Amino acid sequence: MTTMAQSIASTLSAYLAASPPFDWQARNCAQFAAGWVQAVEHRPLPAPAVRNLAHSRRMLCRLGGSLRAAVTAALARDPVPAAVARPGDVVLIERDGGQTLGICVGRTAAVLTAAGVAHIGMAQAAAAWHIKAAPCDPC
């Protein structure tokens, strides 16, 4: 019998392997996180395409004023401290003077870059949202 943790790990590995590089319009960090939530929770999550960083900032102003607020509203759950993130959780990463969304894979978070998926230390995570795996037949 497969455990929930094994199922998440397997699904996450396949998701990351199939993820294309970052692109503002086709695959930005919100779309990366939303696609993961859809794969695990089996529910659509809004993640609008944006043209560039400036457009992203304007969109965030309309969606609650910050990336944290927008994700909290979209997931309909409060964030938890990054220190309690579990593999598969969506995480808010603060780096290079900005923020991005990633997925916790343990001690690192997977994020999209122009070169594809990269892993950065969870020490850069500012918050996390637990992702709830949907029931499966059989797990």
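Which residues have the most contacts inside the largest nonpolar core? I started there, with a predicted model in which local features need pLDDT of at least 70, side-chain atom pairs count only at pLDDT 80 or more, and totals for chains, interfaces and linings use all residues. Residues are numbered from 1 along each chain as its sequence is written, and side-chain values use heavy atoms, with hydrogens and water left out.

**Core.** I found 26 residues in the largest nonpolar core, and Trp36, Val90, Leu101 and Trp129 have the most contacts inside it. A nonpolar core here is a set of buried Ala, Val, Leu, Ile, Met, Phe, Trp, Tyr and Cys residues joined through side-chain atoms within 4.5 Å. Buried means under 20% relative accessible area, exposed over 50%, and partly exposed in between, with a 1.4 Å probe and protein chains only. Among the elements that each supply at least two residues of this core are helix 1 (4–18), helix 2 (29–41) and strand 2 (98–104). Helix 2 gives the most, with seven residues. I took helices (H or I, at least four residues) and strands (E, at least two) as DSSP runs, numbered from the N terminus.

**Leu101.** I listed its contacts (heavy atoms within 4.5 Å). Leaving aside neighbours within four places in sequence, Leu101 touches residues including Cys29, Phe32, Val71, Val90 and Trp129. Another core lies apart, with eleven residues, among them Ile93, Ala109, Met122 and Ala128.

**Helix 2.** I looked up its buried residues, which include Phe32, Trp36, Val37 and Glu41. The buried residues of helix 2 pack against helix 1, helix 4, strand 1, strand 2 and strand 3. Just after helix 2, His42 takes a positive phi of about 60°.

**Strand 1.** Strand 1 runs antiparallel to strand 2 over six bridges, and Leu92 has Leu101 as its bridge partner in strand 2. The hairpin of these strands has two residues between them, and Asp96 there takes a positive phi near 50°. Strand 1 also pairs with strand 5 in the antiparallel sense, over four bridges; Ile93 is bridged to Ala125 in strand 5.

**Cysteines.** I used a cut-off of 2.5 Å between cysteine sulfur atoms for a disulfide, and the count comes to zero. Cys29 is buried at a relative accessible area of 13%, and Cys104 is buried at 1%.

Key: Pairing = 2+ DSSP bridges.
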